[in-house]
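Hello,

Here is the structure for you to look at. Please open it first, then read my notes below.

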Amino acid sequence: MILATGCTYKGHYEGSRVSFDYPIGWKCNKPTDLPGALIIVSAPSNKAMVIIGQEKANGSLEDRYLEHVQKLQEELSKYCYEKISNRTLTVDSSKAYELVYKLGCDQTQTRQQIRMIILQKGDYFYIIECEATPEDFNKENRNFDTIINSLHIL
């Protein structure tokens with residue numbers, strides 16, 4: 001018997017107010033030290049992960065996205081923040097904003113490429129951060145899409 005909540009061998013998670021499919025072999029973990037984080041899904045190699053978080057909405061989705069983008073530019077400039085792309089998309093039947101960016105000035109810093117998506121459902125913003133090394137990012141994007149495209153806010 002498979003439990004209705006938590007991770008199953010079939011790659012589906014339901015709990016923490018969200019539901020989604022994830023790639024076979026990936027693991028779900030409850031975050032312990034990330035405020036607002038609901039669930040972390042990581043690749044078997046630990047070279048890629050997705051963090052799904054929630055925060056109380058205190059304004060419009062567009063304002064929250066623009067605020068987040070500005071904050072990233074200011075706080076991450078010393079880590080060679082580089083914006084790659086941005087667009088709008090639909091996640092769980094809701095408008096969402098996506099930003100893709102890179103971090104890491106050289107081999108002495110952690111190098112990451114991050115795909116961040118913000119959407120609003122009810123009174124909450126949901127932030128999805130898909131992270132991988134720049135070298136692995138394109139390869140992992142299909143796995144990220146599996147999670148994003150199947151995400152439902154419960």
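**What I found**

Start at tyrosine 126. Leaving out residues up to four places away in sequence, tyrosine 126 touches Leu38, Gly53, Gln54, Ile117, Ile118, Leu119, Lys121 and Ile153. Keep in mind that this is a predicted model.

Tyrosine 126 lies in strand 10. Is tyrosine 126 buried or exposed? Its relative accessibility is 3%. Buried means under 20%, so tyrosine 126 counts as buried. One of its contacts is polar: the side chains of tyrosine 126 and glutamine 54 are joined at 2.9 Å. Now look for lysine 83. It sits 43 residues from tyrosine 126 along the chain, and their C-alpha atoms are 21 Å apart.

**The strands**

Strand 10 covers residues 124–132. Its partner is strand 9, and the two are antiparallel, with nine bridges. In this pairing, glutamine 120 stands opposite phenylalanine 125 of strand 10. Two residues lie between the strands in this hairpin. Check glycine 122 there: its phi is positive, near 60 degrees.

Strand 9 spans residues 112–121. How many of its ten residues are buried? Seven are, so the strand is mostly covered. Strand 9 also pairs with strand 8, again antiparallel. Eight bridges join strand 8 to strand 9. Valine 100 has arginine 115, in strand 9, as its bridge partner.

**Glutamate 98**

Next, find glutamate 98 in strand 8, which runs over residues 94–103. Glutamate 98 has 4% relative accessibility, so it counts as buried. Which side chains does its own side chain meet in polar contacts? One is that of arginine 87, at 2.8 Å. Another is that of arginine 115, at 2.7 Å. Both arginines are also among the residues that glutamate 98 touches, beyond four places away in sequence.

**Helix 2**

Finish with helix 2, residues 134–150. It has 17 residues. From first C-alpha to last it reaches 24 Å, close to the 24 Å expected at 1.5 Å a residue. Where is the kink in helix 2 centred? It is centred on glutamate 140, and the angle is about 50 degrees. Glutamate 140 is one of the buried residues of the helix. Pro134, Asp136, Phe137, Asn143, Phe144, Ile147, Ile148 and Ser150 are buried too.

Best wishes

Terms used
Residues numbered from 1 in each chain as written. Predicted model: local features only at pLDDT ≥ 70, side-chain atom pairs only at ≥ 80, totals over all residues. Heavy atoms only, no water. Helix = DSSP H or I, 4+ residues; strand = E, 2+ residues; numbered from the N terminus. Buried < 20%, exposed > 50% of the residue type's maximum accessible area, 1.4 Å probe, protein only. Polar contact = N/O pair within 3.5 Å; in protein donor to acceptor, adjacent residues only side chain to side chain. Contact = heavy atoms within 4.5 Å. Expected span 1.5 Å × (residues − 1). Bend = angle between axes of the 7 residues up to and from the residue. Pairing = 2+ DSSP bridges.
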